[in-house]
Amino acid sequence: MANGRAYLVLAAFASGIVLGPDVALAAGSAENGKVAFVKHGCWQCHGFEGQGSTETSAGRVLYDTKLPFEAFKAYVRDPSGAMPPFHAEILSDSDLADIYAYLQSLPKPKPASEIPLLKQ
Ligand code: HEC
């Protein structure tokens, strides 16, 4: 009996380590998202780092999207501008969650006030 309880505590402890602080962010995997972002061609218009594009088909900067995931998903499924729609048969919800996690994981540029060279 005492042994059983010890296992339970140990299991809870171990899963705490594995799932711990990343749980809230772990709806998608940034690593898989990077692959999906390339596979589904998002990069062609949005750049490999979600930095946007200067080509005529320019997609917006995505690395700092303010859209919450639900709005992000709704947009990709049914975009308003020049972007083609990506339906669930082509791009699954889980791939999309991964792409979102990837974009969230990208480093954001520093504000000009933090770049010494720009301080005069
Ligand atoms: C053929 C070019 C093209 C491709 C491919 C493309 N996009 Fe876009 N995307 C655009 C353009 C252009 C816009 C801006 C539309 C507008 O405002 O008129 C946009 C806008 C967006 C927005 C809205 C951003 C915001 O903050 O309003 C999201 C999100 C987005 N794209 C995600 C994706 C994802 C994810 C993929 C890959 C599955 C993808 N796009 C593939 C061209 C593209």
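The model is predicted, so local features need pLDDT of at least 70 and side-chain atom pairs count only at pLDDT 80 or more, while totals for chains, interfaces and linings use all residues. Residues are numbered from 1 along each chain as its sequence is written, and side-chain values use heavy atoms, with hydrogens and water left out.

The protein supplies His46 (NE2) and Met83 (SD) as donors, lying 2.0 Å from the iron atom. Donors are N, O and S atoms within 2.8 Å of the metal (3.2 Å for Na, K and Ca); water is not among the atoms, so sites may look incomplete. His46 belongs to helix α3 (residues 42-46), whereas Met83 sits in the loop between α4 and α5. This pair is 37 residues apart and links distant parts of the chain. Helices (H or I, at least four residues) are DSSP runs, numbered from the N terminus. His46 is buried, at a relative accessible area of 10%. Met83 is partly exposed, at 22%. Buried means under 20% relative accessible area, exposed over 50%, and partly exposed in between (1.4 Å probe, protein chains only).

Two salt bridges occur in the structure. A salt bridge is a side-chain nitrogen of Lys or Arg within 4 Å of a carboxyl oxygen of Asp or Glu. Side chains of opposite charge can pair when their charged atoms come close. Lys73 pairs with Asp93 at 3.2 Å, N to O. Lys73 lies in helix α4 (residues 69-77) and Asp93 in helix α5 (residues 93-105), 20 residues apart. Arg77 also forms a salt bridge with Asp93, at 2.6 Å, N to O. Here too the pair links distant parts of the chain, with Arg77 in helix α4 and Asp93 in helix α5, 16 residues apart. Arg77 is buried, at 16% relative accessible area. Asp93 is partly exposed, at 39%.

A nonpolar surface patch consists of Ile115, Leu117 and Leu118, with about 320 Å² of accessible area together. Patches are made of residues with over 30% relative accessible area and no salt bridge; like charges are joined within 9 Å, nonpolar side chains (Val, Leu, Ile, Met, Phe, Trp, Tyr) within 5 Å. Accessible areas come from the Shrake-Rupley method with a 1.4 Å probe; for residues, only the protein chains shown count as cover. Leu118 lies in the segment after α5. Leu118 is exposed, at 57% relative accessibility.

Methods:
Helices (H or I, at least four residues) and strands (E, at least two) are DSSP runs, numbered from the N terminus.
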